[in-house]
Amino acid sequence: MIAKKVNSRLLLIGVLFFLITSFGVNDSPLDELIQNMEAGQLGISTPGHKISKTSNNLYKEGAPVDVGYAMGQKSKTKVTFQSLLEEMVSREFIARLPMPSYKNLQASSYDRRTVSRNEGWYANGDRSYFVNVEEKEDGRHEHVMMDVEGPGAIVRFWSVTSNIDLLGGTLRFYIDDDSSPVFSGTLENLVGGDFFASVPLSMALARESVKVKRGRNLYLPIPFSESIKITYERPDGKKLIEGEPAWPNDAVFYNINYRLYDRSVQVESLSPKSLTSAKKLIELTQEKLISATVPKSVRSKVKSLKGKILPEKSKVLELKASSNKGGAIDQISLKIEAENLPQALRSTVLEISFDGERTVWAPVGDFFGTGYQIRPSKHWYGAVDKNGVMLSQWIMPFAETSTIKLHNLGTQEVNVDLGEVSVVNWEWDVRSMHFGSAWHQYTNINSKPNRDLNYVTLQGEGVYVGDVLTLFDISPKWWGEGDEKIFVDDDAFPSHFGTGSEDYYGYAWCLGASFSTPFVIQPDGSGNESVGFTINGRYRILDGIPFCKKLRFDMELMHWEKSRLNYAPTVYWYARPGVKSNIEPAPEAAKYPVALTPGDVK
């Protein structure tokens, strides 16, 4: 995808939902947002970040970023730090099969007692497990988090420790078999600190919590040509105790997502020199991630879904590509009104078909990442404001036609106060993918015994790009001890095995504070270690997971005590036409009364 040149005014106009903390009412909610941007009435929910005045011409027109080899084709184009940053701020890129293709894998501190479904499948000592431990001549111990051959790139690094002293331990990045680390520093500075970048590429969630309880996140890509080894050394150089006995003095948790490209792909390794020379590009990337919305003034065509929907009725919008090359939905803006708004957010369902194939079916609240309560949030693919305006910015390509339906499955009238769909041109080709989303709820389930809950199983070819979890727990204890287990293609063992639900969603230690970032959100965490409602979301950019044949995503349900809860995942993917999801439309579940009090979970 060719990175488009934008002028500085467009960057300012582009600063939409991410930088707005409150909105008034004007001729239209979207017009008000744009006016707030142009007037400079901006803010961000993650403290400590200031927008710098870097020039936009760092992203110049030129050779496409997404050239290489498509699922097996040879590549003559080099993957660089700059190309990865350009890919990161292109929503169009992820809507096509990746070029060059790659596998997304994960290294983590998951409990190594987990061997198979029959041996240690729910072992939960997910701390201080490493590939190996290297004892140096001076007696120091470097614990190897990952050691892989390339070419590839680190695309996400999450970590937390059990005590503040361990944050001062040394992290080392050995790149391309260099015997000396290319990058080294404290864990606190390198992951979630300002060594590589600042918010949102490097951040600790959330600032309201004490330092040691913040989930530390690094999304700045670190490409490597031949190999990479990452090690951790505790401050006193001693060997860490692994597993459950590591608590509370030796516990280091980590998840590292990384790409591996075909060996024919040229990858330029990141170096201190290239990192320094890319300072302005990093700053611009951070600004683009925060100022995430394409303004109304540059849209192509806007269609309306506004109006009343009676019970058991639907509104339908038919779209056709404006050219013989194809089209794409690039924004959906929605605000609904009803006497019982929480129930309407669940019982009003968005259904979208592309080229005659239904790929989206989800309650509107869950689809837009707010569950069945309006909770403001801002991320790379959308936002929700305090007035109930919900925005989707997923690019949704189609070759010829698309049909959007809003179903009112409830018993009350629903008014679509704002319903706008923006359509742009798209050149449909052999790499173009349809967007998909599915929702289902595990209703009134017991928290015991420990078990795997399936988010989705997909058959076909595509890229998994994110999920939102909406739940209501009647227990004041922690619900999210379970790990993600993601099987890709022919995996006999999950290629992604995590260390906890909150770790997957970027935070740590059952944190209940709300936060919004381009990559992960928690609009409401009041049900964390408390009776109530929780929304967690993860939106994948560089850490999307390609699959050639199939993908299965399971999350362990592992609660601290016996409880009951409603547990509703919504998933997002892109796929070539014909992909099959095991999650079918669930109208009865969408009609089911939402839980607002513990007594609502039977």
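I began with strand β15 and found 3 bridges to strand β21 (residues 396-398), the two running antiparallel. Helices (H or I, at least four residues) and strands (E, at least two) are DSSP runs, numbered from the N terminus; two strands pair if DSSP finds at least two bridges between them. I looked up A328 and found its bridge partner in β21 to be P397.

The model is predicted, so I note its limits: local features need pLDDT of at least 70, side-chain atom pairs count only at pLDDT 80 or more, and totals for chains, interfaces and linings use all residues. Residues are numbered from 1 along each chain as its sequence is written, and side-chain values use heavy atoms, with hydrogens and water left out.

Next I checked β15 against β23 (residues 414-425): 10 bridges, antiparallel. There I336 has V416 as its bridge partner. With β20 (residues 390-392) I found 3 bridges, also antiparallel, and I332 opposite S392.

I then looked at cover. Of the 11 residues in β15 (327-337), 10 are buried, that is, under 20% relative accessible area with a 1.4 Å probe, protein chains only.

Last, I turned to surface charge. D147, D177, D178 and E226 form a negative patch (over 30% relative accessible area, no salt bridge, like charges joined within 9 Å; a salt bridge is a Lys or Arg side-chain nitrogen within 4 Å of an Asp or Glu carboxyl oxygen). I placed E226 in the loop between β9 (222-224) and β10 (227-233). Its relative accessibility is 46%, so E226 counts as partly exposed, the class between buried and exposed (over 50%).

Notes. Patches are made of residues with over 30% relative accessible area and no salt bridge: like charges are joined within 9 Å, nonpolar side chains (Val, Leu, Ile, Met, Phe, Trp, Tyr) within 5 Å. Accessible areas come from the Shrake-Rupley method with a 1.4 Å probe; for residues, only the protein chains shown count as cover. Lys and Arg count as positive and Asp and Glu as negative; His and the chain ends are not counted. The place of a charge is taken as NZ of Lys, CZ of Arg, CG of Asp or CD of Glu.
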